[in-house]
Amino acid sequence: MNALSAFRDKVKASANEGPKTLFQLSDQLRDDVLPYLGIQLEDKKPGEAASWKFVDKSILIAEIEAKQ
């Protein structure tokens, strides 16, 4: 809940900067915050809802490190 509260605060503070900033914040939440909480968020096609699932955070962190 702390992660979502912080995300909301960032969105509110950046709302006037336009959609690009909001998309960057959303990507940051997906890529840099949720994996460390053991949550995998997967984008879908435009118009489709994203899906999420609990995953062992060590697996998600290993995937992040492999991409780097």
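The buried residues of helix 2 are Thr21, Leu25, Leu29 and Arg30, where buried means under 20% relative accessible area with a 1.4 Å probe and protein chains only. This is a predicted model, in which local features need pLDDT of at least 70, side-chain atom pairs count only at pLDDT 80 or more, and totals for chains, interfaces and linings use all residues. Residues are numbered from 1 along each chain as its sequence is written, and side-chain values use heavy atoms, with hydrogens and water left out.

**Helix 2**
- Helix 2 has 15 residues and reaches 20 Å from its first C-alpha to its last, close to the 21 Å expected at 1.5 Å a residue; the expected span is 1.5 Å times one less than the number of residues.
- The cover over the buried residues of helix 2 includes helix 1 (2-14) and strand 1.
- Helices (H or I, at least four residues) and strands (E, at least two) are DSSP runs, numbered from the N terminus.

**Proline 35**
- Proline 35 sits in the loop between helix 2 (19-33) and strand 1 (39-42).
- Proline 35 counts as buried because its relative accessibility is 8%.
- Not counting residues up to four places away in sequence, proline 35 touches Leu29, Arg30, Lys57, Leu60 and Ile64, contact being heavy atoms within 4.5 Å.
- Leucine 60 is 25 residues from proline 35 in sequence, and their C-alpha atoms are 5.6 Å apart.

Conventions: Buried means under 20% relative accessible area, exposed over 50%, partly exposed in between (1.4 Å probe, protein chains only).
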